[in-house]
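Please consult the sequence and the structure shown here.

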Amino acid sequence: MLRLSLGRDGQLPPSVTMGTVDVAFHLAARGRPLPVVFAFAFDGAAPTLDSLRARVAERAHRIPALHYRIARERRRFRRVDRIAADRHVHEAWLPEDTDGSATGRLMLSHPMNADGRPPWDVWLVHGPAGRHTLCYRTDHAFQDGVGAAYTARALLGDDPEGGPVPQPRRLPTAAGLAGTLGDLAGAFGAATAKPAFDGVCTGRVDVCHAETSLARLRAVGRGYGATVTDVYLAALSHAVHTWHLKETGTVHPPLPVAIPMSVRARGEERAPGNRMITARILLPCDEESPQGALARVVAAMNGLRTGRRRDSMRVLLAATPRSVGARVGVRLVHGRLVAGPVSSVNFGTALVHQGLAARRAAVYTSVASGIRSVVTLTSQHDTACLTVVHDVALRTADELPDLWLAALLELERS
């Protein structure tokens with residue numbers, strides 16, 4: 001892992017070239033910040049703002065990713081040697097926010113700094129009596145969700161080590177390369193019909209969550225030979241099926257979504273930049289039962305895994321000129337082709353801040369590039385949190401989390 005000396009004694013390079021995925025996010029957001037938020041919800045007395053600032057001031061200089069700002073006109077990350085921690089740590093009061101949705105709206109709508117500082121901040125949000133949330137926020141052109149997980153733990157946790165498992169690099173397979181080339185070719189094809197998610201984007205978003213036990217997802221998976229991610233995606237597929245059928249009386253066709261996959265290797269945990277790729281799959285929203293949906297999701301995801309699609313896209317991106325790869329990347333995750341990103345992040349053990357363990361964690365980002373929704377499952381200890389960020393034009397999309405829980409219940413009963 002990147003050590004304390006990097007970031008305190010001048011060994012960090014003065015600038016780092018933005019990667020292909022970084023530039024893709026820059027283009028997708030049209031040069032504006034696209035917030036990525038890691039929110040940790042706590043029960044119990046909140047820390048003081050001064051103690052939180054002291055923690056951030058103590059830790060920030062040890063984390064290489066926090067020492068860079070985005071020079072967008074040069075498409076580079078430039079080092080900032082002195083960080084004024086008090087200017088990066090803020091406080092807000094949302095006493096009516098019982099479910100975290102108001103905190104999510106605040107984090108995705110509040111302007112990010114534009115004064116040349118590194119693009120990150122920390123928020124202490126006071127909720128209803130006895131509850132508070134700590135949020136780490138950054139720009140998606142600068143850091144992906146897994147990178148944010150490492151940084152948030154290193155910055156805020158009593159134990160700064162740990163986090164998602166780094167991804168080993170393997171050789172791609174012929175099947176994986178063929179599938180990836182098919183995705184790339186599809187980026188230049190005709191628009192895909194997604195009746196539940198097509199339409200005008202307002203740019204204003206809402207946020208909703210649902211919580212369940214991670215052990216519950218694992219138990220369902222064991223019964224079907226599926227992973228937690230497979231179960232999550234199948235339940236989401238059936239939730240969209242039920243939601244669209246209720247709204248229109250018609251069955252939704254298979255839904256194209258982008259599956260983000262981390263390629264952050266050991267030693268890159270706290271480095272700046274996005275280290276991720278995406279693959280495209282079809283969620284079987286036309287399937288009548290969640291059991292049928294799960295069988296089809298397992299087959300699709302096993303194809304991605306055995307074909308090493310993660311490694312195939314990583315290798316192809318590395319071999320493609322950055323400007324070309326970034327523009328193709330924008331097309332791959334655009335509202336004309338996919339409903340949006342559908343991701344999964346396992347944070348690992350619960351974040352403990354000043355002796356208090358978070359009861360849940362949730363990572364999410366906003367919409368861009370014609371996308372009307374972003375869905376994430378965040379796991380922490382034994383709690384899984386589904387987060388749906390959606391354009392307000394999707395008026396009833398806040399029903400999806402409850403429909404997702406209902407689909408899980410059906411999978412358990414069979």
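The points below treat helix α11 and then the cysteines.

This is a predicted model, in which local features need pLDDT of at least 70, side-chain atom pairs count only at pLDDT 80 or more, and totals for chains, interfaces and linings use all residues. Residues are numbered from 1 along each chain as its sequence is written, and side-chain values use heavy atoms, with hydrogens and water left out.

**Helix α11**

- Helix α11 covers residues 400–413, 14 residues in total, and spans 20 Å between its first and last C-alpha, close to the 20 Å expected at 1.5 Å a residue.
- Its buried residues (under 20% relative accessible area, 1.4 Å probe, protein chains only) are L400, P401, W404, A407, L408 and L411.
- Viewed down the axis of α11, these buried residues fall within an arc of 115°, so they line one face of the helix.
- The face turned away from the buried side carries D402 and R413, which are exposed (over 50% relative accessible area).
- The buried residues of α11 pack against β8 (205–213), α6 (214–224), α7 (228–248), α8 (290–306), β15 (373–380) and β16 (383–391), where contact means heavy atoms within 4.5 Å.

**Cysteines**

- The count of disulfides is 0, a disulfide being a pair of cysteine sulfur atoms within 2.5 Å.
- The closest cysteine sulfur to that of C201 belongs to C208, at 16 Å, too far for a bond.
- C208 is in no disulfide, and the nearest cysteine sulfur, that of C385, is 10 Å away.
- C208 is buried, with a relative accessible area of 10%.

Note on methods: Helices (H or I, at least four residues) and strands (E, at least two) are DSSP runs, numbered from the N terminus. The expected span of a helix is 1.5 Å times one less than its number of residues. The arc is that of the directions from the helix axis to the C-beta atoms.
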